[in-house]
Structure formats: C-alpha cells, structure tokens
Amino acid sequence: MIRFKNLTRSYGPGKGIFDFSFEVEEGEVFGLLGPSGSGKTTALRMLMGFEEPTKGRCAMNGKDCAKAGLSLRRITGYLPENIRLPQELTGRQFLKSMAQMRGVKNLERLFELAGELNLDVDQRIGKMSSADVKKTGIVCAMQHNPQILLLDRPFEHLDPKSRSVLVDIILEEKERNHMVLLGTEDVNGVDMTCDRVGLLDHGNMVYLGDIEDLRDNMCREYMIQFHDARSTIKFSKEKFEIKTMKDRNLVVEVQGAVKPLLQALSAYDVTEIESVPTSLKETFQHIYGGRLHA
Ligand SMILES: Nc1ncnc2c1ncn2[C@@H]1O[C@H](COP(=O)(O)OP(=O)(O)OP(=O)(O)O)[C@@H](O)[C@H]1O
C-alpha cells in the first residue's frame, strides 16, 4: 500500500504539497491531476525518498519512504518528469545497462514493452524524438516488473496510438494487482486509467474521490457532422449547449452523462462524431466554479 499521512513538503506559500493524507491499494490506479506547479512531481519525489518531509510521512508497503532507500526502489518503477538519459547510448544499450544494474536477467519484459510501444531501441538516444525518449523512460521504469509504479506526466509527447497502448499497459498493471500512481494534467488519460483521483491546486488536494464522481461532473465536447446543413440547424434548436456551428458541423458541450446526446442524435443522419479532448481548466471550472485558479 502507498500511504500519505499528513504529508507536507513546503517550498513556500502555495509551493510544494500540504497535508496530504490518502492511500493507494494493491490493484488500484490513482491519478494526481493538477495544473503545472500544483505539486504532482513533489508528491512522487517524496515517495522516491528524494526529499525529506517538512511534516508528516509517506510510506510504501509499511516502509517510510524517507528512510527505506534501496529496499523500496527495488520494487518501484519511477518515470521522472524530466527524463535525462545518456545521449551517446542507444536505447538498447541504456535499457540493458539499467537491467544489469537492477540485477534483471530476463529481458523478455523489456523487449515486450518496447515492442508494444513501437519503440526502436537501436536508435541513439541523442537522436530520439521526445516521444521515443518518453517511451524509453516508460520501458526503463517497468522492465523489472515493479509492484509499485510512479509515473510523472506519462502521456506527454505520445501520439494517440501510443497513448492508447500506454492506457492498456497501465490497466494490465492493475490486473496484476500492482499499484500505479500517476501525476498528470491529462484529464482524458486519467479518465481512461484511474479508479480514484486527487485534484491538486497550489499544493492542496482540493478533491479526492472516485473517477466515476468526477466523470459525472466532467465537461466534454463533441464535434458532430451531420449529413446536411439543414439537420445541423434543426439539431441546434435541441436542448444542448452549442459551442460552435458551421455548415454541417457543430460542437456540443455536455456535462456528465453522454447518453441524452446520443439518444437525441439517433433521430438524425450523423456522418461523424468525435470527442474533443477535455481541458483540465474546463473540468476544474465545472467542478469548482470560480474557486480555483487553474
Ligand atoms: N526543489 C524545489 N525548490 C523550490 N521550489 C520547488 C522545488 N520543487 C518544487 N518547487 C515548487 O513547488 C511547486 C510544485 O512543483 P511541482 O513540480 O511539484 O508541481 P507539478 O504539479 O509537478 O508541476 P509540473 O508538472 O509543471 O512540474 C512549484 O511552485 C515549484 O516551483
């Protein structure tokens, strides 16, 4: 179990994390969701034992993270926010050297993950795209099959296909009864992977709850294309919040369940429907109104 107990790490007012108390159980994916500077990296770094608490404690499997050192790192996989890898090595050389350092003899998982993520491990790291550097970091964090996964901004830079592969990989970790804690600004990434979520604002956890509850409040936009412009105009008179409308296309905003929208659309000749990525700002604003600065 991952456990935060009144944990504070302060770098000044509103900077750091303040009085965090929550737990992540085996088989659970937990998302720390918040804008830049809200404290996600600090929380993950505290679990890695990189920083001493100002107050309180955090523990993994009953061991205090500030004191446990290597014994916890062996069972933990960490994807840092800023991945710094040796530029002159190829992905394969780097990942194999990390496996050796960790005493991992079976490299099957390493190559399996690289294959799933479509990562060419024979590229020199210095020549890799930011997406491939991210994938290398993910493989590195997971190659020893850790029981605890701490992922900082895991979806950043990934193309839609790789994002969806990563979603599956995270869900497989859950199936294996592993614990995953991720820090991200990516509302959709959280929506697709997490059981529970903590929303952060200036180092404070302003919401802690099931993803289902958040989903009920989540605001989404859908781009809908109708067969003809007349249908578009007719649909715009239905009781939905229309954000934009042009020719055969319109964008509708829906809060909570999408079923009523789908039901209404069944009476129309729709040629395309696509969900527009939800921004964190909109989600925060819908849940907290003007109370947050996100
Ligand atoms: N070592 C440090 N010294 C001083 N201030 C720090 C330090 N580490 C973090 N902070 C500050 O603490 C706050 C939270 O930073 P943190 O990196 O945890 O946020 P974050 O949510 O991960 O954002 P981002 O994703 O942009 O890194 C920020 O205001 C940051 O400037």
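**Overall fold, cores and ligand shell**

In the protein, 68% of the contacts between residues at least 6 apart in sequence join residues at least 24 apart. The model is predicted. Twelve helices and 14 strands are assigned in the protein, and the C-alpha trace spans about 65 × 45 × 30 Å along its principal axes. Of the 294 residues, 35% count as buried.

The domain assignment divides the protein into domain 1 (2-210) and domain 2 (219-277). A distance of 37 Å separates the C-alpha centres of domain 1 and domain 2.

The largest nonpolar core comprises 57 residues, and L47, V139, V180 and L181 have the most contacts inside it. Helix α6 (residues 130-142) is the element that gives the most to this core, contributing five residues. When neighbours within four places in sequence are left aside, the contacts of V139 are L95, L110, L113, A114, L117 and L119. Another core, of five residues, lies apart from the largest one; I224, F226, L250 and V252 are among its members.

The ligand is surrounded by 13 residues, of which Y11, S36, K40, T41 and T42 are the closest. Helix α1 (residues 40-47) gives the most to this shell, with three residues. By class, the shell around the ligand consists of nine polar, three charged and one nonpolar residue.

Note on methods: Residues are numbered from 1 along each chain as its sequence is written. This is a predicted model: local features need pLDDT of at least 70, side-chain atom pairs count only at pLDDT 80 or more; totals for chains, interfaces and linings use all residues. A residue is near a molecule or strand if its C-beta atom, placed from the backbone, lies within 6 Å of it. Helices (H or I, at least four residues) and strands (E, at least two) are DSSP runs, numbered from the N terminus. Ala, Val, Leu, Ile, Met, Phe, Trp, Tyr, Cys and Pro count as nonpolar, Asp, Glu, Lys and Arg as charged, and the others, Gly among them, as polar. A nonpolar core is a set of buried Ala, Val, Leu, Ile, Met, Phe, Trp, Tyr and Cys residues joined through C-beta atoms within 7 Å. A residue is buried if 20 or more other C-beta atoms lie within 10 Å of its own, exposed if 12 or fewer, and partly exposed in between; C-beta atoms are placed from the backbone. Two residues are in contact if their C-beta atoms, placed from the backbone, lie within 7 Å. Domain bounds come from an automatic or database domain assignment.
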